[in-house]
Amino acid sequence: MKKRKLPRKAFEKDGVVLVFSFATTPNPKLSTSGRAIVQTYTYSKEQIDYVKKCMDANEKVDQPTFYKLANANCMDCPFRDYGKCYTHKGKQTLGFITQIKFLIRENYIEPMPKEIPKEILKWCKWSYVRFGTYGEPTKIPLDWVVKMASASYNFTGYTHQWRKAKGYEKYFMASTHSKLETKLASECGYRSYMTTNDLSFKDKNFIKCPASKEVGRKMSCEDCGLCKGVSHSSKRNIVIVEH
C-alpha cells in the first residue's frame with residue numbers, strides 16, 4: 001500500500017512504537033500561534049496489535065483494555081491505568097486510537113533507524129517540540145532528543161523515569177506528586193513538574209505553571225519553556241493543580 005504523504009513518522013523499537021507528528025493543535029494551553037508543532041507519542045506494540053485486531057474484526061476499541069496494555073510505553077507511571085491519567089479523557093483517547101488506525105491502514109510503522117531522519121529535524125527547526133504527548137518520552141533515543149531540542153524554537157518534556165533515565169534531566173522535567181518525590185528527583189539531577197491537590201499551595205522553590213487554569217492561562221507552553229529540564233536557567237520547580 002502506498003503511503004500518503006503526511007507530516008508523521010512512526011518507528012517500532014523494543015516493544016514500543018514511537019510516533020512523531022507535525023501539525024497545528026487546537027489546544028490553547030499548548031500553542032496559540034497557529035503554527036504547526038512537533039508532538040511525540042509512545043504506544044506499546046500490544047496497543048497497536050489490539051487496535052489492529054479490533055479493526056480486522058470490525059469491533060469498537062475498548063478503552064480500558066487499550067490502557068491495560070500500556071506497560072511497555074508507560075512503564076511504572078502511577079497513572080498508566082485507565083481513567084487515572086489526564087490523557088485518558090474521551091477526545092484525547094479517540095485521537096490516539098484514530099492516529100493508530102491511520103498508521104496501520106497506511107502501513108506507516110517502520111523499523112527504528114539508527115540516525116534521526118532529516119525530515120523530523122526539519123519539522124523541529126524553529127518549532128515548539130512537545131516530548132511525550134502520550135507515553136514515556138525517554139523511550140526516544142537520547143541523541144534524537146538532543147538534536148530535536150537543539151533545532152527547536154522551544155520544547156517541553158516530562159518523565160516518570162527520573163530515577164533511572166540518565167542524561168534526560170537536561171531536557172525533561174521529573175513528573176512528581178509530592179515534595180518528597182521532588183527532593184528525590186533533585187538528588188537525581190532533575191527539576192520537577194509537581195502535581196498537587198492543594199489549591200492554596202505556596203513555596204518559594206516552586207513556580208505555578210503559567211499555562212495552568214488556576215493562574216488564568218497566562219502563557220502557552222510554546223512560549224513559556226520553563227519545562228525544559230535543567231537546560232533552563234531557572235532552578236525552581238513547577239507546580240500545577242492535579243487535572
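The model is predicted.

**The strands around β2**

Strand β2 spans residues 16–23. Of its 8 residues, 6 are buried, so the strand is largely enclosed by the rest of the structure. Strand β1, residues 8–13, pairs with β2 in the antiparallel sense over 6 bridges. The hairpin of β1 and β2 has 2 residues between the strands. There, D14 takes a positive phi near 50 degrees.

β2 also joins strand β3, residues 37–44. These two run antiparallel, with 8 bridges between them. A23 has I37 as its bridge partner in β3. A general point applies to strands: in a regular one, side chains alternate between the two faces of the sheet.

**Two cavities**

How many cavities of 30 Å³ or more does the whole structure hold? A search finds 2. The table sets them out.

| Cavity | Volume | Lining by class |
|---|---|---|
| Largest | about 70 Å³ | 10 nonpolar, 2 polar, 1 charged residues |

The largest cavity is lined by 13 residues. Closest to its centre are Y158, C209, C221, C224 and C227. Strand β6 (154–159) and helix α8 (221–224) each supply at least two residues of this lining.

The second largest cavity has T196, D198, L199, F201, K208, E214, V239, I240 and V241 in its lining. Strand β10 gives the most, with 3 residues.

**I240 in β10**

I240 sits in strand β10, residues 237–241. Is this residue buried or exposed? I240 is buried, because its relative accessible area of 3% falls under the 20% cut-off. Beyond its neighbours within four places in sequence, I240 contacts Y193, M194, T195, T196, C209, S212 and E214. Y193 lies 47 residues away along the chain, yet the C-alpha atoms of I240 and Y193 are separated by 7.6 Å. Two of these contacts, T196 and E214, also line the second largest cavity. Another, C209, is among the residues closest to the centre of the largest cavity.

The structure holds 0 disulfides. C54 is in none, and the nearest cysteine sulfur, that of C74, is 18 Å away. C54 is buried, at 3% relative accessibility.

Note on methods:
Residues are numbered from 1 along each chain as its sequence is written. This is a predicted model: local features need pLDDT of at least 70, side-chain atom pairs count only at pLDDT 80 or more; totals for chains, interfaces and linings use all residues. Side-chain values use heavy atoms; hydrogens and water are left out. Helices (H or I, at least four residues) and strands (E, at least two) are DSSP runs, numbered from the N terminus. Buried means under 20% relative accessible area, exposed over 50%, partly exposed in between (1.4 Å probe, protein chains only). Contact means heavy atoms within 4.5 Å. A disulfide is a pair of cysteine sulfur atoms within 2.5 Å. Two strands pair if DSSP finds at least two bridges between them. On a 1 Å grid over the protein atoms alone, a cavity is a set of points where a 1.4 Å probe fits but cannot get out, and a pocket is an open set with protein on both sides within 12 Å along at least five of seven lines; lining residues have an atom within 4 Å of a point. Grid points are joined across faces, edges and corners, and a volume is the space filled by probe spheres set on the points. Ala, Val, Leu, Ile, Met, Phe, Trp, Tyr, Cys and Pro count as nonpolar, Asp, Glu, Lys and Arg as charged, and the others, Gly among them, as polar.
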